[in-house]
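Biologist: I have a model open on my screen and I'd like to learn how to read it. Can we go through it feature by feature?

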Amino acid sequence: MFKNTFQSGFLSILYSLGTKPLQIWDKEEERKCVLVVNGHIKRPQDEDIQSNVLEIIGTNVQSTYITCPADPSATLGIKLPFLAIIVKNLKKYFAFEIQVLDDKNVRRRFRASNFQSVTRVKPYICTMPLKLDDGWNNIQLNLADLTKRAYGTNYVETLRVQVHANCRLRRIYFSDRLYSEEELPPEFKLYLPIQKS
């Protein structure tokens, strides 16, 4: 998708305020029958940031998710090694997964979840515990470092991103390095409304 795009600075793949935030994403919502929906993907207004967000809710974390790119045969081709996810902790089970390609031409997956307590490295998947603070969190992953530490290989590019229930999302983006809050463009910051006393 982005393989032939010049990549530097920031590359956003999801922004909850866009006209079509899931334009390049596919969504999977868990359904039992026509009347009973066990999961949903909606765009409600978040009371904490007083702004529209993308909400992914499901009774089964595995079967309610969004995945990018939407075409299962396509890949993102993002070479920027830092991934940032601005996500709200809903105090329920939550997971996300990143598929990368390394310099041995092997597809590796990194799955982070708040219901796992230890890191496990298997040949094609590394599962990691995720600790979320109350409210909004800015999760930042150094994919190059993770690939090197888990597999002893070099990160080439990100192929796919999948975000599972249960969370609220503001933005998902890649960057060429870690940026401090002051360095971020205004639209990449999470503004909390000023509390009136």
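Predicted model: local features only at pLDDT ≥ 70, side-chain atom pairs only at ≥ 80, totals over all residues.

Biologist: Are N105 and K91 buried or exposed?

Modeller: N105 has a relative accessibility of 62%, so it counts as exposed. K91 comes to 63%, so it counts as exposed too. The cut-off for exposed is over 50%.

Biologist: Where are the cis peptide bonds?

Modeller: As a rule, most peptide bonds are trans. Here, the bond from C68 to P69 is cis, with omega near 5 degrees, and P69 belongs to the loop between β7 and β8. Another cis bond links A165 to N166, with omega at about 10 degrees. N166 is in the loop between β14 and β15.

Biologist: How do β10 and β12 run, parallel or antiparallel?

Modeller: Parallel, with five bridges between β10 (residues 107-113) and β12 (residues 125-129).

Biologist: Which residues of β6 are buried?

Modeller: L54, I56 and G58 point one way, E55 and I57 the other, and all are buried. That makes five of the five residues in β6 (54-58), so the strand is largely enclosed by the rest of the structure.

Biologist: Which strands does β6 pair with?

Modeller: β3 (residues 39-42) pairs with β6 in the antiparallel sense over four bridges, and G39 stands opposite G58. β15 is joined to β6 by three bridges, also running antiparallel; there, E55 has R168 as its bridge partner.

Biologist: Now the aromatics. How do I describe a pair of rings?

Modeller: A pair of aromatic rings is described by the distance of the centres and the angle of the planes. In this structure the count is seven aromatic pairs. Take F10 and F188: the centres are 5.0 Å apart and the planes are at 35 degrees, so the pair is tilted. F10 lies in strand β1 and F188 in the segment after β15, so the pair ties together parts that are 178 residues apart in sequence.

Biologist: How accessible are F10 and F188?

Modeller: F10 has 25% relative accessibility, so it counts as partly exposed. F188 has 9%, so it counts as buried. Both belong to one aromatic cluster, together with Y173 and Y179.

Biologist: Which charged residue lies over the face of F188?

Modeller: That's R171, at 4.0 Å from the ring centre. You can find another such arrangement at Y151, where the charged end of R108 sits over the ring, 4.1 Å from its centre.

Biologist: R108 makes me curious about its surroundings. What about T153?

Modeller: T153 lies in the loop between α1 and β14. Its relative accessible area is 4%, so T153 is buried. Leaving aside neighbours within four places in sequence, its contacts are D102, D103, K104, R108, T147 and K148.

Biologist: How much of the whole chain is buried?

Modeller: Of the 197 residues in the chain, 51% are buried. As for contacts with a separation of 6 or more, 70% of them come from residues 24 or more positions apart.

Key. Residues numbered from 1 in each chain as written. Heavy atoms only, no water. Pairing = 2+ DSSP bridges. Helix = DSSP H or I, 4+ residues; strand = E, 2+ residues; numbered from the N terminus. Phe/Tyr/Trp six-rings, centres within 6.5 Å; stacked < 30°, edge-to-face > 60°. Buried < 20%, exposed > 50% of the residue type's maximum accessible area, 1.4 Å probe, protein only. Lys NZ or Arg CZ within 6 Å of the ring centre and 35° of its normal. Contact = heavy atoms within 4.5 Å.
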